[in-house]
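Here is a short briefing to read alongside the sequence and the 3D view. Take a moment to look at the picture, then follow the points topic by topic.

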Amino acid sequence: MIGPGIIFILSLIASGLLAFIASFIGFYMIFVAFAIAGGAGVFLSNVALRVTSKRRSRPLFIACAAGVALGAIPIGLMLLFSGGILPVISIGIYAVVATSTVYARLAGSSYSHAYRTSYSKFCDYRQT
C-alpha cells in the first residue's frame, strides 16, 4: 500500500500549495482551481503508476482516490476553522476534480470499446 501513502502525502502538499495561492488570488482562485486540480490529478496518477510499477487493481484505484481526498481534508479543515471561505471552496474543487481524475486515469476507463461494440453490431445488422 505504498501507492496510496505517497498519493496522500503529495495530495497534502498540493492542497497546501493551492490554499497558499488561493489566499493571495481570492475569488478568481475558484476558476483557477479547476485547471490546477486537473493537472495535479494527472501528476498524482502518474506517480502512483510509477510507484506501483504500473500494476492495476480495483482496490488500488479506490485507495489512491481516497488518498487524494484524505490529503485535502486536513488543509480544508484548517482553512475552515481559520475563517477563509474562498480557499475552502477551492480546496473542495481540488478534492473533487483531482480525486475523479486520479481514479479515471488509474482505472484506464475507456468509452471507445463500448462505442466500437455497439457500432459493429449496428454495421452487422445493416449487412444482413
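Helix α2 passes helix α4 in a right-handed crossing; a crossing is right-handed if the near helix is turned clockwise from the far one by less than a right angle, and left-handed if anticlockwise. The axes of these two helices come within 7 Å and cross at roughly 35 degrees. This is a predicted model, in which local features need pLDDT of at least 70 and side-chain atom pairs count only at pLDDT 80 or more, while totals for chains, interfaces and linings use all residues. Residues are numbered from 1 along each chain as its sequence is written, and side-chain values use heavy atoms, with hydrogens and water left out.

**How the helices pack**

- Axes here are lines fitted to C-alpha atoms, for helices over the stretch in contact, and angles run from 0 to 180 degrees between N-to-C directions.
- The contact of α2 with α4 divides into 18 nonpolar, 6 polar and 1 charged residues. Ala, Val, Leu, Ile, Met, Phe, Trp, Tyr, Cys and Pro count as nonpolar, Asp, Glu, Lys and Arg as charged, and the others, Gly among them, as polar.
- Helix α1 (residues 2–25) packs against helix α3 (residues 58–82) at an angle of about 35 degrees, and their axes are 8 Å apart.
- Here, too, the crossing is described as right-handed: α1 passes α3 that way.
- On the α1 side, the contact includes Gly3, Pro4, Ile7 and Phe8, and on the α3 side, Leu60, Ala63, Cys64 and Gly67 are among the residues taking part. (Contact means heavy atoms within 4.5 Å.)
- By class, this contact of α1 with α3 has 14 nonpolar and 6 polar residues, and no charged ones.

**The chain as a whole**

- The chain has 5 helices and 0 strands, and along the sequence the pattern reads α-α-α-α-α. Helices (H or I, at least four residues) and strands (E, at least two) are DSSP runs, numbered from the N terminus.
- Of the 128 residues in the chain, 37% are buried. Buried means under 20% relative accessible area, exposed over 50%, and partly exposed in between (1.4 Å probe, protein chains only).
- Among contacts between residues at least 6 apart in sequence, 84% join residues at least 24 apart.

**The nonpolar core**

- In soluble globular proteins, nonpolar side chains tend to be buried together.
- The largest nonpolar core holds 28 residues, and those with the most contacts inside it are Cys64, Val68, Ile91, Tyr94 and Leu106. Such a core is a set of buried Ala, Val, Leu, Ile, Met, Phe, Trp, Tyr and Cys residues joined through side-chain atoms within 4.5 Å.
- Two or more residues of this core come from each of α1, α2 (29–51), α3 and α4 (85–107). The largest share, 9 residues, comes from α4.
- Which residues does cysteine 64 touch, not counting those up to four places away in sequence? They are Gly3, Pro4, Ile7, Ala48, Val102 and Leu106.

**Aromatic pairs**

- The structure holds 4 aromatic pairs. Rings of Phe, Tyr and Trp (its six-membered ring) pair if their centres lie within 6.5 Å; planes under 30 degrees apart count as stacked, over 60 as edge-to-face and the rest as tilted.
- Phenylalanine 27 and tyrosine 28 form an edge-to-face pair, 5.9 Å centre to centre with 70 degrees between the planes. Phenylalanine 27 is partly exposed at 47% relative accessible area, and tyrosine 28 is exposed at 58%.
- Phe27, Tyr28 and Phe31 form one aromatic cluster.
- Phenylalanine 61 and tyrosine 103 are also an edge-to-face pair, 6.1 Å centre to centre with 90 degrees between the planes. Phenylalanine 61 lies in helix α3 and tyrosine 103 in helix α4, so this pair ties together parts that are 42 residues apart in sequence.
- Phenylalanine 61 is buried, at 9% relative accessible area, whereas tyrosine 103 is partly exposed at 30%.

**The loop between α2 and α3**

- Serine 53 lies in this loop and is exposed, at 52% relative accessibility. Serine 53 has a positive phi of about 55 degrees although it is not a glycine.
- Lysine 54 is in the loop between α2 and α3 as well, and is exposed at 65% relative accessible area. Its phi is positive, about 60 degrees, although lysine 54 is not a glycine.
- The C-alpha atoms of lysine 54 and leucine 106 are separated by 8.9 Å, and these residues are 52 apart along the chain.
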